[in-house]
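I opened my notebook to look up a few things about this model. Here is what I was looking at.

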Amino acid sequence: RVVQGVLLGLVGMGVLLAVLWEIAEWVGHTFINEEVGVGYEDTLGDLSAGLLGSIGAVLLIRRQNTKGCR
């Protein structure tokens with residue numbers, strides 16, 4: 001069985017990666033090319049994608065884990 005803490009950690013990792021992505025975009029925009037998107041909608045979309053993607057992965061893992069327990 002997958003421990004609940006591991007699943008929560010996976011969601012946290014997805015959000016952390018989304019935040020690191022946003023920092024990388026800001027660095028790219030500030031120091032490399034001003035055309036790199038750093039607007040509010042871009043940021044919100046990227047952070048939402050990280051959160052929802054990691055939640056989706058956790059749901060798939062839980063589904064696979066419960067199938068194996070039967």
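I count a contact when heavy atoms lie within 4.5 Å. The model is predicted, and I kept that in mind throughout.

**Contacts.** I took the contacts in the protein chain between residues at least 6 apart in sequence. Of these, 69% join residues at least 24 apart.

**Overall form.** I looked up the secondary structure and found two helices and zero strands. Next came the radius of gyration, which is 16 Å. The globule rule gives 11 Å for 70 residues, so the chain is more spread out than a compact globule. I also boxed the C-alpha atoms along the principal axes and got roughly 55 × 15 × 15 Å.

**Surface.** The accessible surface of the protein chain is about 5400 Å². Carbon and sulfur atoms hold 67% of that surface. I then checked burial: 14% of the 70 residues count as buried.

**Helix α1.** This helix runs over residues 4–32, which makes 29 residues. I found 41 Å from its first C-alpha to its last, close to the expected 42 Å. Which residues are buried in α1? I noted Leu 7, Val 11, Gly 14, Ala 18, Glu 22, Glu 25 and Gly 28. An α-helix has 3.6 residues a turn, so residues three or four places apart point the same way.

**Aromatic rings.** My search gave one aromatic pair. Trp 26 and Phe 31 form it, edge-to-face, with 5.9 Å centre to centre and 85° between the planes. Phe 31 has 62%, so Phe 31 counts as exposed.

Technical notes: Residues numbered from 1 in each chain as written. Predicted model: local features only at pLDDT ≥ 70, side-chain atom pairs only at ≥ 80, totals over all residues. Heavy atoms only, no water. Helix = DSSP H or I, 4+ residues; strand = E, 2+ residues; numbered from the N terminus. Expected span 1.5 Å × (residues − 1). Buried < 20%, exposed > 50% of the residue type's maximum accessible area, 1.4 Å probe, protein only. Phe/Tyr/Trp six-rings, centres within 6.5 Å; stacked < 30°, edge-to-face > 60°. Rg over C-alpha atoms; globule rule 2.2 N^0.38 Å. Areas by Shrake-Rupley, 256 points an atom, 1.4 Å probe, with all protein chains shown as cover.
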